[in-house]
Amino acid sequence: MKLAVIYTDRRGKYIAEGCAQFCEVVEIDLSGVSIKWWQKYISALVSFHLNRKLWQNEFYRNPLAVFFRKKNGNNAIKKFSKKVDAVLQFGLMNSYDYSLFGDPKIFFYLDGAYDPNNPYWYCPRFGQWLSGMQKKAYKQATRIFTFSKWAKRQHIEQCEIESEKIIDVGWGPCLTIEKKDKGFFNNPPHFVFVGRNSPIKGLDILISAFKIVQEKYPDVILNIAGMNSEEYSGDLTKGLLFHGYCEADKLKKILGSSDIFILPSRYERAGHVTIEAMSYGLVPIVTETCGAPEPVLAGKCGIIVPQEDIESLANAMISLIENPLLLKQLSHNATGEALKNWMWDKVCEKIVSVISKAS
């Protein structure tokens, strides 16, 4: 079977490489294809909004921007398109002219659909149009793969897609994983957060919870990878170690020296860094949002807390400090679950198996 893998997001590289272990892959990397300066200017005018956040959301999701990306993407595809049996597209901010590949079966792999009920996705003027574009593309698809069971339910309920057409296959890490058990734990355990200073990531919630933990355990450490202290506008406290932007090797070292990973997001479709942390034997504490809890629940390897619940997060952190035997057991579970079920080769084997049977 010959499979074309189309993507505009760097994560698509992992998917193309994973699928290539099980079939012949034609990789279509459109991540470098952008709209031209004059197209950006028109898109900015069309999407102008006094609320800068809404303006930014609508800049990428208005009909003209989508049309320009589709046209430029099709032109790029023409340069290296080949006859294939099937097309797998990662994400659906745009559909393309799939007839450039002959008459292939169409498949999509998605972390979620447009979500009008979420303030981080809200697109008031063009959201209904964007959702309609996605639904039209879904009708062409032979199957739709989703990162999570949550995303599957979302597509069934919001996009009115029959459940038999959607298969949840999980997702993988965006780091190269060293397959070994964690052999050393700090006393007290070191916590780590990976992300930027954005309300969606909930760092303010985590630092508030960390201060409560410090009252009982003054020597605790919280590593913060992805931002500098100057980028954080809230109150600082001792024990916070800001590492700034981290390349892969630096991030691996930080994960390797930490014990408990915390993802306090207000909205998180599917955290790649959760899989990465689990792979390194870190015990995850994640919020109950979208598909984020699924690998933790599947592996029985961490704690799920409500969103924006400072007290519950602090209690979860303290409970792991006070139970080192549980920490070690959950760490073992985390590594096993991640390596067994949440690596790209495992995910892509499921995807290719379904595509092969349908093509």
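User: Which residues point one way from S11, and which the other way?

Analyst: Happy to walk through this predicted model, where local features need pLDDT of at least 70, side-chain atom pairs count only at pLDDT 80 or more, and totals for chains, interfaces and linings use all residues. Residues are numbered from 1 along each chain as its sequence is written, and side-chain values use heavy atoms, with hydrogens and water left out. Strand S11 covers residues 283–287, and five of its five residues are buried (under 20% relative accessible area; exposed is over 50%, partly exposed in between, with a 1.4 Å probe and protein chains only). One way point Val283, Ile285 and Thr287; the other way, Pro284 and Val286.

User: What is the bridge partner of Leu263 in S11?

Analyst: Strands here are DSSP runs of E with at least two residues, helices are runs of H or I with at least four, and both are numbered from the N terminus. Two strands pair if DSSP finds at least two bridges between them, and four bridges join S10 (residues 260–263) to S11, running parallel. For Leu263, the partner in S11 is Val286.

User: Through which helix does the chain cross from S10 to S11?

Analyst: This is a β-α-β crossover, and it is right-handed: with the strands pointing away from the viewer, the path from the first strand over the helix to the second runs clockwise. The helix on the way, residues 272–279, is H9.

User: And in S12, what is the bridge partner of Ile285?

Analyst: S11 and S12 (residues 303–305) run parallel, joined by three bridges. The chain gets from S11 to S12 through helix H10 (residues 294–299), in a right-handed β-α-β crossover. In S12, Ile285 has as its bridge partner Ile303.

User: How many disulfides does a search of the whole structure find?

Analyst: A disulfide is a covalent bond between the sulfur atoms of two cysteines; here the cut-off is a pair of cysteine sulfur atoms within 2.5 Å. Cys23 is buried at 12% relative accessibility, but its sulfur is 5.8 Å from the closest cysteine sulfur, in Cys19, so that is too far for a bond. Cys246 is also buried, and its sulfur lies 15 Å from the closest cysteine sulfur, in Cys174, again too far for a bond. The number of disulfides found in the whole structure is zero.

User: Which helix holds Val46?

Analyst: Val46 is partly exposed, with a relative accessible area of 33%. Together with Leu64 and Phe67, Val46 forms a nonpolar patch on the surface. The helix holding Val46, residues 37–47, is H2.

Terms used: Patch = residues over 30% accessible without salt bridge, like charges linked within 9 Å, V, L, I, M, F, W, Y side chains within 5 Å. Areas by Shrake-Rupley, 256 points an atom, 1.4 Å probe, with all protein chains shown as cover. Salt bridge = Lys/Arg side-chain N within 4 Å of Asp/Glu carboxyl O.
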